[in-house]
Amino acid sequence: MEPIADRLLQAREDLAAVGDWLAAEQRLEAWQHTRQSRSNELDARRRQALSPHSISDMHPAGQTLSATAIDVVHRLASDSGRLTRSWAEGAMTELGEEVYTELVGISAIASVVDVYAVAVGEALLQLPSPTSSSEPAKLRPTTVGDVGAWVSQSVEGSRANVSRSLSLVPTTDRTWRSLVDSLYSHGEEFYELEWDRALNRAQVELVAARTTSLLECFY
Amino acid sequence: MAFAAEAFGGRESPALDKAREQLLAIVGVDGLRDAAATIAVFNGLVRVADGTGIQLDPNLTTASAQAREELGLNRFAGSANTDPANTDPANTDPANTEFSSIHELFSQQ
């Protein structure tokens with residue numbers, strides 16, 4: 001199994017490269033805003049409000065991302081448990097379904113990299129410079145469709161919904177799935193009830209349940 | 001659990017430093033890294049699940065019905081994405097699940 005540190009560094013490099021629908025500069029700006037949301041005043045106010053929709057203020061546009069894209073990143077990073085379908089559909093009307101989905105993936109990957117560093121007491125990885133100036137190919141996979149989620153997902157096979165959630169953006173999906181495999185599921189070991197790790201499976205699942213409960217995630 | 005409670009938000013704090021030291025003393029460096037990796041990856045999984053609005057898979061909708069009720073999980077906003085009637089008939093028989101309630105699960109220890 002690939003060491004966690006190597007996988008996190010690879011994820012960092014992946015976010016510095018061109019994506020499916022976003023350029024490298026845009027992906028890195030999304031990571032920067034995911035990181036900033038931890039101390040952002042507007043995000044804190046929105047998180048504390050009875051309803052996030054009661055705060056009408058918006059984040060300004062970034063250097064490479066629109067105000068809507070920046071807002072998507074901040075809401076994902078700071079209060080994802082209270083996102084709604086109508087809000088997501090509004091964002092997708094402006095951004096497009098594919099860009100929205102790629103932003104979800106980048107925010108998730110960036111969260112993993114940064115939360116791990118904070119948890120173990122290490123310095124946050126420095127955001128890299130873009131490694132590509134290429135334009136994204138913007139090719140929509142032909143194997144995606146409506147499976148009941150807010151965004152299109154793979155209709156092939158019988159994968160769990162969570163494992164195909166980013167299948168609309170394959171480049172980001174590969175990075176995401178590699179992270180999950182290295183930090184949690186470990187390939188075929190996932191199907192075993194006993195894990196040969198420093199923490200046993202029950203301990204890992206309890207930590208996972210506590211984390212997702214604190215973040216109020218239904219899934 | 002204290003470590004998860006302090007680390008899940010990804011913010012440095014004296015309370016997190018203390019929880020980290022306490023966990024380190026009990027499970028060692030590798031255990032600490034396992035716990036941190038789990039907290040980190042589920043931070044990401046939450047963003048993906050909430051951001052894409054995925055539904056519970058039918059078999060999970062069936063198998064988790066009682067636990068969701070007992071733990072109050074149906075009050076989470078994301079529950080709106082799942083139709084509780086979208087179940088897997090093969091999983092409606094309690095005999096098909098290892099435990100019939102969350103209480104039974106935790107009373108096995």
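How many salt bridges does the rule find across the interface of chain A and chain B? The rule finds one (a side-chain nitrogen of Lys or Arg within 4 Å of a carboxyl oxygen of Asp or Glu) across this interface. It joins the side chains of B:R33 and A:E122, at 3.1 Å from N to O. The model is predicted: local features need pLDDT of at least 70, side-chain atom pairs count only at pLDDT 80 or more, and totals for chains, interfaces and linings use all residues. Residues are numbered from 1 along each chain as its sequence is written, chains are lettered from A and ligands numbered from 1 in the order in which they are written, and side-chain values use heavy atoms, without hydrogens and water.

In the interface, 56 residues of chain A are in contact (heavy atoms within 4.5 Å) with 51 residues of chain B. The two chains bury about 5,000 Å² between them (accessible area, 1.4 Å probe, lost on being put together and summed over both). Carbon and sulfur atoms account for 69% of this area.

A:W87 and A:Y100 are edge-to-face, with centres 6.1 Å apart and planes at 65 degrees. A:W87 is buried at 12% relative accessibility, and A:Y100 is buried at 0% (buried, under 20% relative accessible area; exposed, over 50%; partly exposed, in between; 1.4 Å probe, protein chains only). One aromatic cluster comprises A:Y184, A:F190, A:Y191, A:W195 and B:F42.

Notes
Phe/Tyr/Trp six-rings, centres within 6.5 Å; stacked < 30°, edge-to-face > 60°.
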